[in-house]
Amino acid sequence: MKETVIVTGATGGMGFAAVDALAAKGCSVIMACRNRAKAEVARSNALSHHPKAEIEISEVDLSSLDSVKSLADSVRQGTVTGLFNNAGIISRDYCLTADGFEKTFAVNYFAPWLLTRLLADKLADGAHIVNMISLTCRYADISVDRLQPSRKDFRQLKTYAASKRALLSFSLEFARRYPQFVVNVADPGVVGTGMIDLGHWYDSIADAIFKPLCKKPENGVKPALHALESEQGVRYFVGKGSHEMDKRYLDSALDSSIWDATEHLLENYL
Ligand SMILES: NC(=O)c1ccc[n+]([C@@H]2O[C@H](COP(=O)([O-])OP(=O)(O)OC[C@H]3O[C@@H](n4cnc5c(N)ncnc54)[C@H](OP(=O)(O)O)[C@@H]3O)[C@@H](O)[C@H]2O)c1
């Protein structure tokens, strides 16, 4: 069967680099993007490199649970062999989505959680699922009480790190509950994309100093691409290889409690 991979957030940065690399390998790609015009430009760009590639666009706004559900509903049973939950944000300010979730958590955690859960009944057996996390996970605390940060608790980087740590916890619990899939996490390192502009006045100064030191998107995405090909699951892909999960992330009781709390919060969409 031809490999068909969904890539979320494929308009730029590492998502686009993934589309380009997967198309080069002969995979069909479904670009799951919120901005169709931007996605069309990215698609044309990838097709100019790989004219025979099969690349389609599916619109999704990951800050809306209805939109995530519509994307999952549009996927045909048994056709998708890979899911790369790549999209992510670092919201500068505290902001709630229309569903009432803090926006960073909504896009980085609740959306991939719901999309992956809804697709679990539709993905081909043995499908690869890769969740894009971050080295900030190691500095994050997560618990059932921290899935919905209040305005008082919100800190741009702390909330981002917690959302990625929650995604890591989900990855481990999903792998336990759905052993028919190969589930891994990928940590790209520090990559020179729009993501590292944190929306502050000093961004341009920081860019001038730090961006030349950052990886290019096509390099930053390599751990995720390796993970999409891996025969082994529950590994942490970083740099050129992968390793077992660090002990600090192994807490099945915590993962299970976070799963249950999330399932409760999203029950109207399941
Ligand atoms: N860059 C780094 O150093 C770094 C480090 C560790 C982890 N990561 C992770 O890597 C992943 C990719 O980030 P990147 O660095 O490539 O950043 P990026 O260039 O900013 O790309 C983010 C992508 O997510 C999409 N997105 C944002 N909000 C969305 C929404 N509500 N609905 C649908 N799509 C949405 C963006 O779409 P639009 O074009 O429409 O905005 C864009 O395509 C993220 O999960 C990020 O957390 C990045």
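Which backbone N or O atom lies 3.5 Å from an oxygen atom of the ligand? I found that it belongs to Ala-87.

**Before going on.** I am reading a predicted model, where local features need pLDDT of at least 70, side-chain atom pairs count only at pLDDT 80 or more, and totals for chains, interfaces and linings use all residues. Residues are numbered from 1 along each chain as its sequence is written, and side-chain values use heavy atoms, with hydrogens and water left out.

**Ligand.** I looked up polar contacts (pairs of N or O atoms within 3.5 Å). The side chain of Thr-11 has an N or O atom 2.6 Å from a ligand oxygen, and a polar side-chain atom of Arg-34 is 2.7 Å from an oxygen of the ligand. Of the 900 Å² of accessible area that the ligand has on its own, the protein covers 91% (Shrake-Rupley method, 1.4 Å probe). I then noted 31 residues around the ligand, each with a heavy atom within 4 Å. Thr-11, Lys-38, Asn-86, Tyr-160 and Thr-193 are the closest.

**Core.** Next I turned to the largest nonpolar core, which has 53 residues. Such a core joins buried Ala, Val, Leu, Ile, Met, Phe, Trp, Tyr and Cys residues through side-chain atoms within 4.5 Å; buried means under 20% relative accessible area (1.4 Å probe, protein chains only). Tyr-109, Leu-168, Phe-174 and Phe-181 have the most contacts inside this core. I saw that α4 gives the most to this core, eleven residues (helices are DSSP runs of H or I, at least four residues, numbered from the N terminus).

**Phe-174.** Leaving out residues up to four places away in sequence, I listed what Phe-174 touches, including Ile-129, Val-183 and Trp-259 (contact means heavy atoms within 4.5 Å).

Notes. A polar contact is a pair of N or O atoms within 3.5 Å; within protein, one must be able to donate a hydrogen and the other to accept it, and residues adjacent in sequence count only if both atoms are side-chain atoms. Buried means under 20% relative accessible area, exposed over 50%, partly exposed in between (1.4 Å probe, protein chains only). Helices (H or I, at least four residues) and strands (E, at least two) are DSSP runs, numbered from the N terminus.
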